[in-house]
2 protein chains.
Amino acid sequence: MTRAAWIAGDWGTSRLRLYLCDAANKVLDTRQGRGAAAARGEHERELDAGIAGWQQDAGPLPVVLCGMVGSTIGWVQAPYLPAPADPQRLAAASVALRAGAVRIVPGVSCRNRLGAPDVMRGEETQILGAMSLEPALQRGAHLLCLPGTHTKWVVIDDGAIGEFLTAPAGEIFDLLSRHSVMVGDAAGERAPDESAFQSALARVRELPQVELLHRVFEVRSRRLLGEMPEAHAASYMSGLLVGSDVAGAARLFAQEAAAGKVFLVGAPELVRAYATALGAFGFGTQVIDGAAASLAGLGAIHGFLQREGMQRVTG
Amino acid sequence: MTRAAWIAGDWGTSRLRLYLCDAANKVLDTRQGRGAAAARGEHERELDAGIAGWQQDAGPLPVVLCGMVGSTIGWVQAPYLPAPADPQRLAAASVALRAGAVRIVPGVSCRNRLGAPDVMRGEETQILGAMSLEPALQRGAHLLCLPGTHTKWVVIDDGAIGEFLTAPAGEIFDLLSRHSVMVGDAAGERAPDESAFQSALARVRELPQVELLHRVFEVRSRRLLGEMPEAHAASYMSGLLVGSDVAGAARLFAQEAAAGKVFLVGAPELVRAYATALGAFGFGTQVIDGAAASLAGLGAIHGFLQREGMQRVTG
């Protein structure tokens with residue numbers, strides 16, 4: 001067995017994923033823990049509980065963390081690094097705890113082409129990872145899409161995170177499914193229906209300029225008039241949201257999207273929905289697994305910190 | 001005192017408003033009762049409790065009701081009348097209870113210019129009332145906006161309700177204010193801030209084609225980066241929603257809107273917000289009070305039923 005060299009931690013709002021890695025970033029063991037929200041006020045204890053066994057075996061190890069652990073609900077606030085953000089700048093801006101034995105990767109802020117400020121936290125590490133997993137991303141301009149509660153559309157330029165735009169499609173889908181009269185009772189509990197999702201995408205493609213706000217009531221009207229079964233409402237709504245997101249992004253990032261395929265980084269189910277929608281709008285896609293990207297990004301940060309002698313373990 | 005001739009009832013989801021009227025539709029007295037949702041299963045008893053005193057004094061009186069009392073959560077279901085819908089067709093399609101002593105006005109359905117089905121219930125009566133309060137609406141094509149939980153954009157054509165489009169701006173504002181990370185805790189409780197609302201309208205006007213889904217996260221980013229106080233978040237979000245609704249409707253109904261002013265029918269506060277937004281987009285507006293319009297619409301239906309001998313009171 002190779003020797004444990006460091007610990008990677010992907011610490012989002014609802015889950016902590018810890019990875020024991022060797023010097024070549026190979027994963028030797030994994031653990032899960034409470035998310036940043038549930039561990040509020042006890043982040044240090046939560047981390048120690050997760051890694052105590054590993055340190056007992058291997059001695060003190062450096063830890064690199066990313067995600068909401070660096071936010072207002074986290075352990076310490078790691079201020080947003082203004083874009084453009086490359087691995088070196090992100091590593092250098094990471095917040096040191098315990099004399100550098102624990103590092104938290106900062107989020108990134110930008111002012112995007114809408115003239116709006118925007119922020120990401122956690123995704124910056126996935127994007128670094130995507131660049132290290134897919135070397136083609138390290139040169140030239142590319143469009144990435146990271147679907148999620150807060151979907152990010154990101155332009156990377158010669159290996160650095162440039163501007164980006166957040167579309168809270170997942171959060172709005174969740175609100176509409178659970179609380180609105182549009183989707184209806186318990187419709188969110190049903191199994192996704194692919195044909196309903198596709199029908200909604202086709203609706204968006206017919207009239208791509210129509211505002212989402214002017215589309216969603218259709219889900220209620222179709223149910224009331226008997227044109228759609230209750231069980232299809234959530235999938236149809238999902239298609240309207242993902243379709244509107246893709247249609248709008250295709251306009252905003254027309255140049256970057258036309259230059260090549262769109263790189264999708266995230267969890268399999270969400271990535272599949274966005275790949276379907278992007279395909280329906282004529283875009284090629286390439287998928288990069290989100291969890292693998294997070295780990296690779298933490299590895300890239302760790303590598304830089306090691307080389308620069310910024311990571312010490314006092315034991 | 002003039003003699004009581006009939007009873008009008010505007011019975012929405014959350015409130016029942018009863019009006020005792022004379023033969024000229026002058027209001028002699030008013031009562032309030034539980035909304036259609038709270039009175040579920042007990043609508044008949046709720047109505048009788050509201051009107052018993054009046055009938056004791058005046059003898060049996062005919063009752064005309066509109067709104068959610070005719071929906072799946074109501075007393076009986078009054079099926080949607082397909083547009084175009086004029087006062088005569090709506091009166092003729094009203095559902096008779098108690099041998100015609102109680103009439104419930106049906107909702108209206110249409111297939112709009114997006115090719116989507118749409119429905120209204122309660123608004124059809126307000127629109128009839130608006131036409132009777134404002135005779136200019138009885139000839140030619142006009143654009144009406146009825147702001148609310150489910151804002152309706154309605155084309156009326158020579159005195160009949162034609163096609164319409166529902167924008168659930170109020171419901172989505174409510175969801176985002178109460179449940180989302182965009183607006184933030186308790187921001188919905190603060191007093192509305194006019195300058196924040198105006199700033200958001202200006203943002204929408206800068207780039208009117210941008211999808212709402214690509215705008216709303218700005219409310220969170222500005223707060224996180226210290227560019228906006230927490231207390232302004234709800235008003236800014238309201239401006240983005242109303243602005244996006246108006247910008248989208250201005251594209252969809254460009255011809256009708258360009259022909260003249262937009263008629264706003266509704267409650268004072270919401271109507272004011274939409275008047276401000278429509279003004280910012282260069283449209284003239286004329287306001288018609290929503291409660292007065294509902295009553296006038298019920299009066300128009302009552303008048304037709306009387307003339308046709310469709311309203312009997314068996315006592």
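Modeller: Before we start, a salt bridge here is a side-chain nitrogen of Lys or Arg within 4 Å of a carboxyl oxygen of Asp or Glu. The model is predicted, so local features need pLDDT of at least 70 and side-chain atom pairs count only at pLDDT 80 or more, while totals for chains, interfaces and linings use all residues. Residues are numbered from 1 along each chain as its sequence is written, chains are lettered from A in the order in which they are written, and side-chain values use heavy atoms, with hydrogens and water left out.

Biologist: OK. Which residue does B:Glu227 meet in a salt bridge within chain B?

Modeller: B:Arg222, with N to O at 2.9 Å. B:Arg222 is buried at 13% relative accessibility, and B:Glu227 is partly exposed at 36%. Buried means under 20% relative accessible area, exposed over 50%, and partly exposed in between, using a 1.4 Å probe and protein chains only.

Biologist: How many residues are in contact between the chains?

Modeller: 50 residues of chain A are in contact with 50 of chain B, where contact means heavy atoms within 4.5 Å. The area buried between them is about 4000 Å², and carbon and sulfur atoms give 68% of that. Buried area is the accessible area (1.4 Å probe) that two parts lose on being put together, summed over both.

Biologist: Which three residues of chain A supply more of it than any other three?

Modeller: A:Leu213, A:His214 and A:Phe217, with 18% of the area that chain A buries against chain B.

Biologist: Why do you say the copies meet through the same surface?

Modeller: Because 100% of the interface residues of chain A are also interface residues in chain B.

Biologist: Switching to helices. What is buried in α4 of chain B?

Modeller: B:Ala169, B:Glu171, B:Ile172, B:Leu175, B:Leu176 and B:Ser177 are buried in that helix, residues 169-179. Their cover includes α4 of chain A, along with β11, β12, α7 and α9 of chain B. Helices (H or I, at least four residues) and strands (E, at least two) are DSSP runs, numbered from the N terminus.

Biologist: Where do A:Glu218 and A:Arg222 lie?

Modeller: Both are in α6 of chain A, four residues apart, about one turn of the helix. A:Glu218 is buried at 5% relative accessible area, and A:Arg222 is buried at 12%.

Biologist: Last one: how many salt bridges over all chains?

Modeller: A search of the whole structure finds 32.
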